[in-house]
Amino acid sequence: MEIDLTTRILNDPRYQELKAKRSRFGWWLTLAMLVVYYGFILLVAFAKPFLATRLGAGVTTVGMPIGLAVIVFTVLITGLYVRRANSEYDALTEQIAKAALK
Amino acid sequence: MSARMLARSLGAIALLGACATAMAAGADLGQAEKQPTNWTAIGMFAVFVVGTLFITKWAAAKTKSAADFYTAGGGITGFQNGLAIAGDYMSAASFLGISAAVMVGGFDGLIYSIGFLVGWPIVTFLLAERLRNLGKFTFADVAAFRFSQTPVRVFAASGTLVVVAFYLIAQMVGAGQLIKLLFGLEYWIAVVIVGALMMVYVLFGGMTATTWVQIIKACLLLAGASFMAFMVLYHFGFSPEAMFAKAVEVKTGIAAAAGKSPTEAAAQGFSIMGPGGFIKDPISAISFGMALMFGTAGLPHILMRFFTVPNAKEARKSVLWATTWISYFYVLTFIIGFGAITFVLTNPQFLDAKGGLLGGGNMAAVHLANAVGGNVFLGFISAVAFATILAVVAGLTLSGASAVSHDLYSTVIMKGKADGAAELKVSRITTVCLGIVAVVLGIVFEKQNIAFMVSLAFAIAASANFPVLLMSVLWKGCTTRGAVIGGFLGLVSSVLLTLVSPAVWEVTLGNPKGSALFPYASPALFSMTIGFVGIWLFSILDRSPRAAQDRAGFVAQQVRSETGIGASGASGH
């Protein structure tokens, strides 16, 4: 890419906004995923009896909905990022590109 | 403890051991007994082969340039690519292995499958769109973007080839064992068939054929697994509680029949509803979790799929679809595992004299297919399992071939002056070589315990490829020297630590128990740290003129990675 184009994009406040927003959002979500997964692993390592507690009178345990929730969380958090990136971030990117390439 | 119970518990321990140490998306399927020739399965597989050969013919007509060969010309949509990525991940061993792990350990099988899932959001947030914006054909394009090409490409090609080699051996040995089991064919015939068909797909159809074979197989596998899970749930009136209750009852009955007191038997039966022996110590658990989580973000055959879509938006969509399908698949395997407890373990037709599964522990899903769908459905599932291995192996080979032709030949040897036709020729020659090597290694390793190989592939990907990729994309201070030295440190340390871990030192090499120098199930926690610290340290100490150039190049790289302006277009040429 030519230096000129790079400088033009760098000087666009929308680029700085895009970079800051996306990076903040991405790292927060990464942190959330790490906390949820390693939280689950630590429960498995240190709180086995808790996960094996029965829910009500049946045999279904606390661990089952928690495990399922981790799976659902993984999909939802990915969807959350993709939705925001495909609308908000892509719109910003398009504006930046339009301004820089004209 | 009766002989029957002992055999069962030994099987369970062996299986869980395999889980904890390996058995990833393509692990060891164990030694299998040859079964009578299954003509229904062979017939259905033949239909699949004929169908995919037609696709290859169609794809071959479209595969003219290097871009067509490596990335299907960038013309795959996010939805299609998501299915293909999911297909790469849902290997035969993850289907058979995880459902068997659930049958043996219940909840433990769920913990295991969650580990494979959680890397995907990380890939989405940190890498997917940046990969698409910076890369063209291989992940080395991204890692080497602002660096001195030769050293970084040499590192990336080494990382790719080492990961591909271990993954490929695991798949080939798995294929031979599985086919012997399901089709009743000789081991070597199965390995040769896989090698030959894979070469045909990749040689003639390139990425287009490889992707479509993967998509078709993913659909067949998801459809077959959905049907099995549906039939299981239907039987229990769609009540998971009823299914769990019956499974606990079956497990309790087995424990009681083995001579346990009623209280002990009840406790043992109920143990499938909570965590058991899967997590031995927290360090192993976290280290293993890291290998799975970050290894996903460093597997070359997965990373290369991000270059087959036209833009960053489609790259994001593909990971979302992949995550969705893979999650759904793991929920299905969980239901299938519980279904196997209730349908397979209670039916003497599927058990041998000792109460184990006919044909070995990994046959849970296969017997369940027979129980819920009869012989024809059994044939279908067997054919899908074979197709699965074939598709995964084709993807691995293509990624190994692009590392040699695009990274080593075109960039390192020809200094970027090779023309497309010559590069394409080199990748085809490499494909043939890799195919032959894979068949030979598959036969050589027939009797070896290769359970560690897939987890090793994940650990190397997490400790070498991932740190270099992440640091080169996100950290301004990263330099050529730092990336190469740190990357190789991660690569070497993950291999060495695996070598002296219990799974290889004791189980595979036969040294006495307790003699392994490295006590944990996975090296990732340590080797990833070594990789990252290595990159950081050798980068900040780097005062060479090249380092100044590397750091100066960051801003332009970042602009392109964030916006995609200047990125390789949809067609890549």
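Helices here are DSSP runs of H or I with at least four residues, numbered from the N terminus. Keep that in mind as we walk through this predicted model.

**Stop 1: chain A**

Select chain A and colour it by secondary structure. Buried residues account for 29% of the chain's 102 residues. Of the chain A contacts that link residues at least 6 apart in sequence, 63% are between residues at least 24 apart.

**Stop 2: helix H2 of chain A**

Next, select residues 13–46 of chain A, which form helix H2 with its 34 residues. From first C-alpha to last, this helix reaches 48 Å, close to the 50 Å expected at 1.5 Å a residue. Show the side chains of its buried residues, among them A:Tyr15, A:Leu18, A:Arg22, A:Gly26 and A:Leu29. Further along H2(A), A:Met33, A:Tyr37, A:Phe40, A:Ile41 and A:Val44 are buried too. As you look down the helix, remember that an α-helix has 3.6 residues a turn, so residues three or four places apart point the same way.

**Stop 3: where the chains meet**

Bring chain B into view. The contact draws on 45 residues of chain B and 41 residues of chain A. On the chain B side, helices supplying at least two residues each include H6 (107–117), H7 (119–134) and H15 (312–344). Which helix gives the most to this side of chain B? Select H15(B), which provides 10 residues. Colour the side of chain B that touches chain A by residue class, and you will get 30 nonpolar, 9 polar and 6 charged.

**Stop 4: the largest nonpolar core**

This core holds 229 residues, and B:Val194 and B:Leu368 have the most contacts inside it. Helix H16 of chain B, residues 364–413, contributes the largest share, 28 residues. Centre on B:Val194: beyond its neighbours within four places in sequence, it contacts B:Met172, B:Ala175, B:Ile389, B:Leu390 and B:Val393.

**Stop 5: B:Thr63**

Finally, go to the loop between helices H2 (39–62) and H3 (66–71) of chain B, where B:Thr63 is found. Is B:Thr63 buried or exposed? B:Thr63 counts as buried because it has 23 C-beta neighbours inside 10 Å, and the cut-off is 20 or more. Leaving aside neighbours within four places in sequence, its contacts are B:Asp68, B:Phe69, B:Gly205, B:Gly206 and B:Thr208.

Definitions and conventions. Residues numbered from 1 in each chain as written. Chains lettered and ligands numbered in written order. Predicted model: local features only at pLDDT ≥ 70, side-chain atom pairs only at ≥ 80, totals over all residues. Contact = placed C-beta atoms within 7 Å. Nonpolar A, V, L, I, M, F, W, Y, C, P; charged D, E, K, R; others polar. Core = buried A, V, L, I, M, F, W, Y, C linked by C-beta atoms within 7 Å. Buried ≥ 20, exposed ≤ 12 C-beta atoms within 10 Å, placed from the backbone. Expected span 1.5 Å × (residues − 1).
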